[in-house]
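Subject: Structure for your files

Hello,

Here is the structure I said I would pass on. My notes on it follow below.

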Amino acid sequence: MKTLNATLITALALSGFVATEVSAATEWNVSLWGKRRAFTENVEKLAELVEAKTNGEFKLNISYGGLSKARENLDGISFGAFEMAQFCAFYHADKNPTITVAELPFSQDVSLGRVSEIYMELFKHPAVVKDLARWNATLLMPTPMPQYNIVSKGDPLTSLEDFDGLRVRGPGGIMGVLSKLGAIKTGVPFAEVRQSMDSNVIDAASFAPHAHLATNSYKVATWGTTNLNLGSANCPVVVNTEALEMLKPSHREALLGSVDEALDFYVQNYEQNTTAKYEAAVKAQGLTMVTFNAEQTEQLNTLSESVRQEWVAQYKDQFDSQAVLDFTAGLFAQK
């Protein structure tokens, strides 16, 4: 009888344990910053899809600034402070040099959907995978952005020489080109861009449309560019590799299988809403819009090539930077 009771107790205990395992929800903490905006809709949509596909068993708890500072998100991922995060490569190029290749100026006017495809392919490159593995991070999906353009105070540009002395807040690739024209790279926090322009700490900001709208930079500007075409920032979404590997198969499938749909939603939302809203906003504000002519564009392209080669030289001792550049340039060249 004792043996029977012990067996029954063990069976019941195991049965209870299994039931608990099946019904227990998995929750991941996701570190973003600022507030919900076009830039974060890929993550918001991903969370919605994952929860729906798992009947609520797997949830992504999104925090806007409550888990980490934006420039420390990769560090938080590395030691498991949270399971998912978004960051921008230019925040700490030394921590993720391979993916800064996507921020180089390729002088290509490509669609937002194509940018998304390019970044997804880049994230699979062995050198990139190895680079992010140092931080226990797996690249999940990009946050594709249109080509950056500038809004600025003062007299509108009439020539490229007018960039000389202009204090610009912008990412590395773009500033690499503009610096050769005499522009001065000036760093200020994202949330302080408008105030910094208003108080003459900076003269200009280089952003994608959503960021100009979020910072209201255009409201203190007098002119802007329409076709700078020197690239944009690379701000991927990463997950803690160990957390990803520990997910039950169905949850992992729900997460990875929702990426394409989340990106499609993001691209459509951005193009239909954000870009149109920005164009209407600068028009209503009365900004003078500067469009570079063919000769000026060619000069910018020449400078872009020198910036790309400087990138290769900078990182050639850390990884095969020429191979990574060639791979990325090939992706941008495909139509």
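Helices (H or I, at least four residues) and strands (E, at least two) are DSSP runs, numbered from the N terminus. This is a predicted model, in which local features need pLDDT of at least 70 and side-chain atom pairs count only at pLDDT 80 or more, while totals for chains, interfaces and linings use all residues. Residues are numbered from 1 along each chain as its sequence is written, and side-chain values use heavy atoms, with hydrogens and water left out.

Salt bridges

A salt bridge here is a side-chain nitrogen of Lys or Arg within 4 Å of a carboxyl oxygen of Asp or Glu. The whole structure has 10 of them. For accessibility, buried means under 20% relative accessible area, exposed over 50%, and partly exposed in between (1.4 Å probe, protein chains only).

Helix α4 (residues 112-122) holds both E117 and R114, 3 residues apart, or about one turn of the helix. Their side chains form a salt bridge with an N to O distance of 3.0 Å. E117 is partly exposed at 45% relative accessible area, whereas R114 is buried at 15%.

In helix α12, E305 and R308 are also 3 residues apart, about one helical turn, and their side chains meet in a salt bridge at 2.6 Å, N to O. E305 is partly exposed, at 35%; R308 counts as buried, at 13%. Within it, the side chains of R36 and E41 are 2.7 Å apart, N to O, and E41 counts as buried at 10% relative accessibility.

An open sheet of 6 strands runs in the order β7-β6-β8-β5-β9-β11, with mixed pairing. Its edge strands are β7 and β11 (288-290), each of which pairs on one side only. Two strands count as paired if DSSP finds at least two bridges between them. β6 and β7 pair in the parallel sense over 2 bridges, and R167 has I184 in β7 as its bridge partner.

Which residues of helix α6 (residues 172-180) are buried? They are G173, I174, M175, V177 and L178. These residues pack against β5 (149-152), β6 (167-169), β7 (184-185), β8 (204-207) and α12 (294-315), where contact means heavy atoms within 4.5 Å. Just after α6, G182 has a positive phi of about 100 degrees.

Nonpolar cores

A nonpolar core is a set of buried Ala, Val, Leu, Ile, Met, Phe, Trp, Tyr and Cys residues joined through side-chain atoms within 4.5 Å. The largest has 84 residues, and those with the most contacts inside it are F163, L178 and W311. Leaving aside residues up to four places away in sequence, F163 touches I150, L157, L178, L181, G182, A183, L228 and F292. A second, separate core has 23 residues, including V30, M120, V259 and L263.

Disulfide

Counting pairs of cysteine sulfur atoms within 2.5 Å as disulfides, there is 1 disulfide. C88 and C235 form it, with their sulfur atoms 2.0 Å apart. The torsion about their S-S bond is about 95 degrees, so the disulfide is right-handed. C88 lies in the loop between β3 (84-86) and α4, and C235 in the loop between β9 (223-225) and β10 (237-240), so the pair ties together parts 147 residues apart in sequence. Both C88 and C235 are buried.

Regards
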